[in-house]
Amino acid sequence: MLLILTGPSGTGKTTLIRHLLKRYPDLGFSVSHTTRPPRPGEVEGRDYYFVSQAEFLRLLKKKSFIEWAVVHGYYYGTSKAEFKKSQKQDLVMDIDVQGARQVKKLTVENGYHAVFVFVLPPERKVLEERLRRRGDLSPEDLRLRVKRAREEVRFWDDFDYLIINHNLEEALQELEAIVVAERCRPKDRRKEGQQIIKTFR
């Protein structure tokens with residue numbers, strides 16, 4: 001299973017994923033490349049692969065990414081190597097709406113089991129306050145992120161699930177429920193199911 005969380009910046013995607021991975025240590029995480037500088041506490045290779053713009057463009061020219069986008073002036077992308085991890089274990093991706101739409105097209109065309117979750121804040125004012133509390137955005141950066149969010153929220157109905165993150169624990173419970181439900185699909189439990197069926201012969 002490939003689990004993709006998307007939504008505007010400031011909706012809490014990264015926080016939800018961090019808590020989900022603690023509760024489900026068997027889940028893998030797809031580490032994206034980015035040209036933006038690390039935020040306090042972020043670790044190279046765990047949160048992102050931090051690269052220069054020249055290096056990102058070199059990888060882009062080599063067609064190393066399954067999706068990429070320019071978000072708030074920085075390049076972001078998911079490499080083919082990271083994507084291939086989903087063939088060996090359940091994998092979680094944290095990507096922007098533009099990238100999620102690219103991945104959705106790719107997975108549909110290639111028959112991958114991918115689950116797309118759109119995360120929304122309860123309202124715009126809450127999103128603005130969450131972004132403001134980060135403390136690393138200028139008033140102009142904040143304005144641009146809110147402007148982009150207005151464009152991105154229009155696509156919420158294009159995805160499989162919607163989580164409204166007004167309370168972290170409730171939102172996390174909903175995300176866990178999605179993981180459990182998707183793991184119960186017959187095609188994902190085929191080997192286990194076939195073994196049980198043999199006992200009835």
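Modeller: Here is a walk from that loop out to its partners and on to a few other spots. Keep in mind that this is a predicted model.

Start with Ile95, which sits in the loop between S7 and H4. Is Ile95 buried or exposed? Its relative accessible area is 4%, so Ile95 counts as buried. What does Ile95 touch, once you ignore its neighbours within four places in sequence? The contacts are Ile4, Leu5, Thr6, Gly7, Lys13, Ser32, Glu67, Thr78, Ala100 and Val103. Take Gly7 from that list: Gly7 and Ile95 are 88 residues apart along the chain, yet their C-alpha atoms are separated by 8.0 Å.

Now look at Asp96. The side chain of Asp96 meets that of Arg148 in a salt bridge, at 3.6 Å from N to O. Asp96 has 14% relative accessibility, so it counts as buried. Arg148 is buried too, with a relative accessible area of 17%. The cut-off for buried is under 20%.

For contrast, follow H4 along to Lys105 and Glu109. These two form a salt bridge as well, with the closest N and O atoms 2.7 Å apart. Why do they pair up along the helix? They are 4 residues apart in H4, so about one helical turn separates them. Lys105 is exposed, because its relative accessible area is 53%, and Glu109 is exposed at 52%; the cut-off for exposed is over 50%.

Glu140 and Arg143 form a salt bridge here, and their closest N and O atoms are 2.8 Å apart. Being 3 residues apart in H6, Glu140 and Arg143 are separated by about one helical turn. Glu140 is partly exposed at 40% relative accessibility, and Arg143 is partly exposed with a relative accessible area of 45%. Elsewhere, salt bridges that share partners join Arg23, Glu169 and Glu176 into one network. How many salt bridges does a search of the whole structure find? The search turns up 16.

H6 also has a helix packed against it. Helix H5 (residues 124-134) packs with H6 at an angle of about 145°, and the two axes are 10 Å apart. The crossing of H5 and H6 is right-handed. From H5, the contact is made by Arg124, Leu127, Glu128, Leu131, Arg132 and Arg134. From H6, the residues making the contact are Leu142, Arg145, Val146, Ala149 and Arg150.

Trp156, Leu162 and Ile164 make a nonpolar surface patch of about 250 Å². Leu162 lies in strand S9 (residues 161-164), and at 32% relative accessibility Leu162 counts as partly exposed.

Note on methods: Residues are numbered from 1 along each chain as its sequence is written. This is a predicted model: local features need pLDDT of at least 70, side-chain atom pairs count only at pLDDT 80 or more; totals for chains, interfaces and linings use all residues. Side-chain values use heavy atoms; hydrogens and water are left out. Patches are made of residues with over 30% relative accessible area and no salt bridge: like charges are joined within 9 Å, nonpolar side chains (Val, Leu, Ile, Met, Phe, Trp, Tyr) within 5 Å. Accessible areas come from the Shrake-Rupley method with a 1.4 Å probe; for residues, only the protein chains shown count as cover. A salt bridge is a side-chain nitrogen of Lys or Arg within 4 Å of a carboxyl oxygen of Asp or Glu. Helices (H or I, at least four residues) and strands (E, at least two) are DSSP runs, numbered from the N terminus. Buried means under 20% relative accessible area, exposed over 50%, partly exposed in between (1.4 Å probe, protein chains only). Axes are lines fitted to C-alpha atoms, for helices over the stretch in contact, and angles run from 0 to 180 degrees between N-to-C directions. A crossing is left-handed if the near helix is turned anticlockwise from the far one by less than a right angle, and right-handed if clockwise. Contact means heavy atoms within 4.5 Å.
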